Amino acid sequence: MATNESISIFSSASLAVEYVDSLLPENPLQEPFKNAWNYMLNNYTKFQITTWGSLIVHEVLYFLFCLPGFLFQFIPFMKKYKIQKDKPETWENQWKCFKVLLFNHFCIQLPLICGTYYFTEYFNIPYDWERMPRWYMLLARCFGCAVIEDTWHYFLHRLLHHKRIYKYIHKVHHEFQAPFGMEAEYAHPLETLILGTGFFIGIMLLCDHVILLWAWVTIRLIETIDVHSGYDIPLNPLNLIPFYAGSRHHDFHHMNFIGNYASTFTWWDRIFGTDSQFTAY
């Protein structure tokens, strides 16, 4: 009975969203995007799209999203929004971070990205424009991926803080007590594999089109770079998301080393009381 009621609620919500979508004006970018997508399909193989295309998307978006935070250190006006004002960024730390990032991206993440082609082939994940999901369905699946990744991240991240293993793996990520955007993926190779698994679980469970790979990586990069930015910017639209952790939540984790283990949302820390020191602070 309860299951039928849940299905009915979701069906009604879906119909409501479809109705609202039908009232919206036509997206002027849809036709150029469609042409670009079909051009890509006609000129590149599926392996090239899922491997080199995904690598390019990740690298371009990662450093593009890091750029504002990088520039903030040169803008005096922005210093008042820095959370740990007594710990400014240094060229030495940023260069060290950049070198580790290149290793992780090309020696750890790239082999994993290569596996996405075989995943899409094995599960017959479509590439074509005709079966591309509507924006609201894509957004809903990205939200599902975020919930799954956040759950995985909370429990595995908390495990990595266990005193018996912390110094061997997760300590690398905590070398910078005051985080900055580019440091989001600065980690021990094993941590990249362990915590990065949470990113792929949602893909494996929810992917119905290859576009989800790129949409989800975009949202995940925006979130992780934001919480590592070291700046609490007023009117940040991400803070409008219910239960969103934000930069202050994660910045405290780097400053305190204990608590605030979740990546995106605050509910797991609230349920298990691991945000008590942050609340008191």
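Over residues 100-120 the chain is 100% helix and 0% strand, with the end C-alpha atoms 29 Å apart. The model described here is predicted. The span 192-217 is 85% helix and 0% strand, and its end C-alpha atoms lie 15 Å apart. Residues 100-120 and 192-217, together with residues 60-79, carry the annotation "transmembrane region" in an unreviewed UniProt entry. That annotation comes from the record, and such annotations may be inferred rather than shown by experiment.

**Nonpolar core**

The largest nonpolar core comprises 38 residues, and Trp37, Tyr62 and Ile203 have the most contacts inside it. At least two residues of this core are supplied by each of helices H2 (30-43), H3, H4, H5 (135-160), H6 (189-206) and H7 (211-227). Helix H7 gives the largest share of the core, namely nine residues.

Which residues does Tyr62 contact, leaving aside its neighbours within four places in sequence? Tyr62 is in contact with Leu101 and His105, with Gly181, Met182, Glu183, Ala184 and Glu185, and with Leu221 and Ile225.

**Nonpolar surface patch**

Helix H3 (residues 46-72) contributes the largest share of the patch, six residues. Ile75, by contrast, is located in the loop between H3 and helix H4 (91-122). Ile75 counts as partly exposed because its relative accessibility is 37%, a value that lies between the limits of 20% and 50% for that class.

**Salt bridges**

Side chains of opposite charge can pair when their charged atoms come close. In this model the count of salt bridges comes to ten.

| Lys46 | Glu121 | 3.7 Å |

The side chains of Lys46 and Glu121 meet in a salt bridge. This pair links distant parts of the chain, since Glu121 belongs to helix H4 and Lys46 to helix H3, 75 residues apart. Glu121 is partly exposed because its relative accessible area is 33%. Lys46 also counts as partly exposed, at 40% relative accessibility.

Asp128 is buried because its relative accessible area is 18%, under the 20% limit.

Arg248 is partly exposed, with a relative accessible area of 45%. Asp232 counts as partly exposed at 24% relative accessibility.

Beyond the tabulated pairs, Glu149, Arg220 and Glu223 are linked in a network of salt bridges.

Notes
Residues are numbered from 1 along each chain as its sequence is written. This is a predicted model: local features need pLDDT of at least 70, side-chain atom pairs count only at pLDDT 80 or more; totals for chains, interfaces and linings use all residues. Side-chain values use heavy atoms; hydrogens and water are left out. Helices (H or I, at least four residues) and strands (E, at least two) are DSSP runs, numbered from the N terminus. Buried means under 20% relative accessible area, exposed over 50%, partly exposed in between (1.4 Å probe, protein chains only). A nonpolar core is a set of buried Ala, Val, Leu, Ile, Met, Phe, Trp, Tyr and Cys residues joined through side-chain atoms within 4.5 Å. Contact means heavy atoms within 4.5 Å. A salt bridge is a side-chain nitrogen of Lys or Arg within 4 Å of a carboxyl oxygen of Asp or Glu.
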